[in-house]
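The sequence and the structure are shown first.

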Amino acid sequence: MSKMESIDKMKEILLAGGEDTDAARTKGAPDAQAVQEILERHGHKASQIIAILQDLQAVRHYLSGPELRIISRELDVPLTRIYAIATFYKAFRLTPRGRHEISLCMGTACHVRGAMRVKDAIERELGVKAGGTTRDGRFTFETVRCLGCCGQAPVMMVDEELSSKLDHLSVGKALEKYK
Ligand code: FES
């Protein structure tokens, strides 16, 4: 089978899976070409499964069900084994992530200075609860414990950028620049 035929076959299987509608909404169609390239880079070797999953996540930001099924079939590794690996290592994600990751501190210092109201404001602004990803794939919102800058509480990180002394009125503005 040529490379293009192989990619077409993968697309067929991926699209026929009918799963992962969130992924389709947030990331577009499954990336069959990326899967194929990653498999080729690792010589289609089952012994390279962890590196293959790492590379897939680096490209797709998470491990989607349809793509894991293809890897399972191509490498002749049971899907249950692949899921066992993907769930064992905390670095692997099985749900789609947003383009930007919000980590709002709910530690003691932030909590006493209004982090709960900031959290409510973010949830209203994004239309998603903590732990979720917006339907447009723009943000994943999570709460964390102490970011280590309690003197500037309440604080949040968006990707690598810290926002400090937040309040429920200003937080919406702070998120505007992230597209
Ligand atoms: S409690 Fe929020 S930064 Fe320490």
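## The largest nonpolar core

The largest nonpolar core holds 17 residues, of which Ile-102, Leu-104, Cys-105, Val-118, Ile-122, Val-155 and Met-156 touch the most other members. A nonpolar core is a set of buried Ala, Val, Leu, Ile, Met, Phe, Trp, Tyr and Cys residues joined through C-beta atoms within 7 Å. A residue is buried if 20 or more other C-beta atoms lie within 10 Å of its own, exposed if 12 or fewer, and partly exposed in between, with C-beta atoms placed from the backbone. At least two residues of this core come from each of β1 (100-105), α8 (115-126), β2 (139-144) and α9 (171-175). With 4 residues, α8 supplies the largest share.

Apart from this core lies another, of 14 residues, including Ile-38, Leu-39, Ile-52 and Ile-70. In soluble globular proteins, nonpolar side chains tend to be buried together.

## Model and overall composition

The model is a predicted one, in which local features need pLDDT of at least 70 and side-chain atom pairs count only at pLDDT 80 or more, while totals for chains, interfaces and linings use all residues. Residues are numbered from 1 along each chain as its sequence is written.

The chain contains 9 helices and 4 strands, arranged from the N terminus as α-α-α-α-α-α-β-α-α-β-β-β-α. Helices (H or I, at least four residues) and strands (E, at least two) are DSSP runs, numbered from the N terminus. Of its 179 residues, 26% count as buried. Among contacts between residues at least 6 apart in sequence, 65% join residues at least 24 apart; two residues are in contact if their C-beta atoms, placed from the backbone, lie within 7 Å.

## The sheet

An open sheet of 4 strands has the order β2-β1-β3-β4, with mixed pairing; two strands pair if DSSP finds at least two bridges between them. Because β2 and β4 (161-163) stand at the edges with a single partner strand each, one side of each is left without a neighbour in the sheet. Neighbouring strands are turned by 20° against each other on average, direction ignored.

β1 runs parallel to β2, to which 6 bridges join it, and Glu-101 stands opposite Thr-140 in β2. With β3 (residues 156-158), β1 pairs in the antiparallel sense over 3 bridges. In β3, Val-158 is the bridge partner of Ile-102, and Met-156 that of Leu-104. Leaving aside neighbours within four places in sequence, Ile-102 is in contact with Ile-122, Phe-139, Phe-141, Glu-142, Met-156 and Val-158. On the sheet packs α8, which touches β1 and β2 and whose direction makes about 155° with that of β1. Angles run from 0 to 180 degrees between N-to-C directions, and axes are lines fitted to C-alpha atoms, for helices over the stretch in contact.

## Helix packing

Helix α3 (residues 32-41) packs against helix α4 (residues 49-60) at an angle of about 145°, with the axes 10 Å apart. Ala-34, Val-35, Ile-38, Leu-39 and Arg-41 in α3 meet Ile-52, Asp-55, Leu-56, Val-59 and Arg-60 in α4. The residues of this contact divide into 7 nonpolar, no polar and 3 charged, where Ala, Val, Leu, Ile, Met, Phe, Trp, Tyr, Cys and Pro count as nonpolar, Asp, Glu, Lys and Arg as charged, and the others, Gly among them, as polar.

In helix α5 (residues 65-75), the buried residues include Pro-66, Glu-67, Leu-68, Ile-70 and Ile-71. Just after α5, Asp-76 takes a positive phi of about 55°.
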